Amino acid sequence: MKTPIKVALTGAAGQIGYALLPRIASGAMFGPDQPVILQLLEAPIEKAMKALEGVAMELDDCAFPLLKGMVLTDDPRVAFAGANWSLLVGAKPRGPGMERADLLQDNGKIFTAQGLVIDEVAAEDARVAVVGNPANTNCMIAASKAKRLPADRFTAMVRLDQNRAQTQLAKKAGVDLTEVSEIFIYGNHSPTMFPAFDNAKIGGKALREVISDRAWLETEFCDTVGKRGAAIIAARGASSAASAANALLDHVHDLMIPGKVHSIAVKSNGAYGFDPEVWAGMPVRTTAPGAYEVIEGYAMDDFAKAKIAVTNKELVEERAMVASLLG
Ligand code: NDP
């Protein structure tokens, strides 16, 4: 039997955690023959820890053959000890009347503390995926605290936006969604992110040969993908959880399989005009389990450049708001 992978999850009793954990434990993230140990962190609040106990009871009751152990804790040092993957989902939600800067500061403190501890106690091959919002900037903060682990081990999730874009393009073209490829997300995991439709392919053909409605691509398509989270809250009365959990599975799964091309937010290297200090969604190719290279060279027209400039500006502004927490 393979050695179990230790997976630390923060916010484990939250909505996304609830949708995510059974799928990790069933093998959907690391494969059907890869055992896992779940190290579950919740906020040190009685209600949250009690809810976590309930989640763990349900996981026990699923009798997953691959689940080789669970740790339930409110201590980051315990949760991240020896973790091969740390999935940072827990974050403070924006309260009524709260400014973005306050949200950035409050979450910045959580991700500062977690970055420090992960660097100290996680496994040699530790990888980190951030979902808790504002995900790109939280990821940057955690990475800035790491002295042992290189910055490329810290990634943030933009995969939900990619999956949303893929489905919208397939619907518009009237094809099965597996026909849509090379649709990548650039920038922030926020309504400013840019799904670069011009580089996408449908059935192997350039997208513009199949979808000629440029106005739809530039407006309705970009808006639908960018505002999908809000549309789900309006319809469901709660934020997306199943699709966010599914996207995190895709994010990690595709990072473990060499050759996969997908979108993740990574430390910018200046490609596509992003500030070299921010974490931005980019197309990447997985080169080895947990490792990747940014795919450079996709052409960007003036429309795409302008969209990238907007999302880059937002990332630079977020960085400025948390400057005192970095390093
Ligand atoms: P969710 O599980 O629904 O969401 C968790 C985080 O994921 C939020 O920051 C949310 O952002 C973010 N997120 C990112 N992308 C998406 C997406 N596409 N759709 C939906 N969410 C997305 O939140 P809950 O409130 O249910 O659970 C959070 C849990 O975290 C709570 O149990 C809380 O106790 C815990 N927590 C744990 C901490 C810790 O472990 N130290 C610290 C802080 C909180 P957004 O808010 O913008 O939707």
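Analyst: The count is 1 cavity of 30 Å³ or more. On a 1 Å grid over the protein atoms alone, a cavity is a set of points where a 1.4 Å probe fits but cannot get out. This is a predicted model, in which local features need pLDDT of at least 70 and side-chain atom pairs count only at pLDDT 80 or more, while totals for chains, interfaces and linings use all residues. Residues are numbered from 1 along each chain as its sequence is written, and side-chain values use heavy atoms, with hydrogens and water left out.

User: What volume does the largest cavity have?

Analyst: The largest cavity has about 60 Å³, where a volume is the space filled by probe spheres set on the points, and grid points are joined across faces, edges and corners.

User: Which residues line the largest cavity?

Analyst: Among them are Phe194, Phe197, Arg214, Met300 and Phe303; lining residues have an atom within 4 Å of a point. By class, the lining has 7 nonpolar, 1 polar and 3 charged residues. Ala, Val, Leu, Ile, Met, Phe, Trp, Tyr, Cys and Pro count as nonpolar, Asp, Glu, Lys and Arg as charged, and the others, Gly among them, as polar.

User: And pockets: how much space lies in the largest pocket?

Analyst: The largest pocket holds about 1100 Å³; a pocket is an open set with protein on both sides within 12 Å along at least five of seven lines. Of its 35 lining residues, Val131, Asn133, His189, Ile233 and Ser239 are the closest to the centre. The lining comprises 15 nonpolar, 13 polar and 7 charged residues.

User: Which domains does that lining draw on?

Analyst: At least three residues come from each of domain 1 (5-156) and domain 2 (159-323), with bounds from an automatic or database domain assignment.

User: What is the volume of the second largest pocket?

Analyst: The second largest pocket has about 310 Å³. Of the 16 residues that line it, Glu42, Ala43, Pro44, Ile110 and Gln114 are the closest to its centre.

User: Turning to the sheet, what is the strand order?

Analyst: The order is S7-S10-S11 in an open sheet of 3 strands, with antiparallel pairing. Strands (E, at least two residues) are DSSP runs, numbered from the N terminus, and two strands pair if DSSP finds at least two bridges between them.

User: What does Lys201 stand opposite?

Analyst: Lys201 stands opposite Ala206 in S11.

Conventions:
Helices (H or I, at least four residues) and strands (E, at least two) are DSSP runs, numbered from the N terminus.
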